[in-house]
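Here are my notes from a pass through this one, as numbered points. Have the viewer open as you read.

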Amino acid sequence: MSIRHGLLALLERGPRYGSQLRTEFESRTGSTWPLNVGQVYTTLARLERDGLVAPDGEDPAGHTLYAITDTGRGELREWYERPVDRANPPRDELAIKLAMAVGAPNVDIRAVIQSQRHATVQAMQDYTRLKAQALAAIDSGRGSERDDIAWLLVLEQLIFQTEAEARWLDHCETRLVRLSASGQLAPAEAEPPEGGTGASGGGPRTEARTPARAAATTPTTPITDRLPRTARTRRG
């Protein structure tokens, strides 16, 4: 996420102070990626250092205002025109989890997939419900239409992302079934820890907590409860 360019985009509409930028950024994205004031002012300091913004006096309440410079506008235009770089994709916890689970001892990877599929489908349903609320707000003319449309675009990206994740999980399960049937995927054997506390050692034996057991004891929290309170109340 480019906080740097997001703040430049907001400043292009006119001078703003830090807390105002945070509020507008979260309003535009539905608080999907909440910011704290420290992040905003740290980013503003770097933008000022790079000549992309400059202090622009104070508002009546004494807040320091920042304005975008011509160099900042050029940087912003370049950002809009430049495709997002996928050469170094961000780490994906789910992909890493499944990669580590392949052949891992005492891990039922199909149970891991099934647990995640349940959470992914619930997330998709929650996002779809929030999308319906955003569309209703736009149709009724409530609030800021610009912010509601921006929030709608973010929600639709999240919906497409969860739909793709669900399809990928189905693909992973099918792939693993085929590899297991062909004998190419054999479960790994657990290695006893140092000191001989394995099955044949003298140490205590503990029961492995498989993903299926973990899923049974860990409830899934709806997306609407995990989103920041400002997003949930604004979409009321």
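Predicted model: local features only at pLDDT ≥ 70, side-chain atom pairs only at ≥ 80, totals over all residues.

1. The face of α5 turned away from its buried side carries Glu93 and Met100, both exposed.

2. Now the other side of α5. The helix runs over residues 93–101, and Leu94, Leu98 and Ala101 are its buried residues. Why do they sit on the same side of α5? Because the arc they cover around the axis is only 65 degrees.

3. What do the buried residues of α5 pack against? Their partners are α6 (109–140) and α7 (145–181).

4. The two ends of α5 are worth a click. At its start, Asp92 brings a side-chain oxygen to within 3.0 Å of the backbone nitrogen of Leu94, and Leu94 is also one of the buried residues from point 2. After α5 comes Gly103, which has a positive phi, near 75 degrees.

5. Next, Thr162, which you will find in helix α7. Is Thr162 buried or exposed? Buried: its relative accessibility is 10%, and the cut-off for that label is under 20%. A polar atom of the Thr162 side chain lies 2.9 Å from the backbone oxygen of Ile159.

6. Which residues does Thr162 touch once neighbours within four places in sequence are set aside? Thr120, Ala123, Met124 and Tyr127 are in contact with it.

7. On aromatics, the count is 1 pair. The partners are Trp79 and Tyr80, with ring centres 5.3 Å apart; their planes are at 40 degrees, so the pair is tilted. Stacked would need planes under 30 degrees apart, and edge-to-face over 60. As for accessibility, Trp79 is partly exposed, at a relative accessible area of 29%, and Tyr80 is partly exposed too, at 46%.

8. Zooming out to the fold: the protein has 10 helices and 2 strands. Along the sequence the order is α-α-α-β-β-α-α-α-α-α-α-α.

9. Some overall numbers to finish. The protein has 236 residues, and 33% of them count as buried. Its accessible surface is about 15,000 Å², with 51% of that belonging to carbon and sulfur atoms. If you take contacts between residues at least 6 apart in sequence, 62% of them join residues at least 24 apart.

Conventions:
Residues numbered from 1 in each chain as written. Heavy atoms only, no water. Buried < 20%, exposed > 50% of the residue type's maximum accessible area, 1.4 Å probe, protein only. Helix = DSSP H or I, 4+ residues; strand = E, 2+ residues; numbered from the N terminus. Arc of directions from axis to C-beta. Contact = heavy atoms within 4.5 Å. Polar contact = N/O pair within 3.5 Å; in protein donor to acceptor, adjacent residues only side chain to side chain. Areas by Shrake-Rupley, 256 points an atom, 1.4 Å probe, with all protein chains shown as cover. Phe/Tyr/Trp six-rings, centres within 6.5 Å; stacked < 30°, edge-to-face > 60°.
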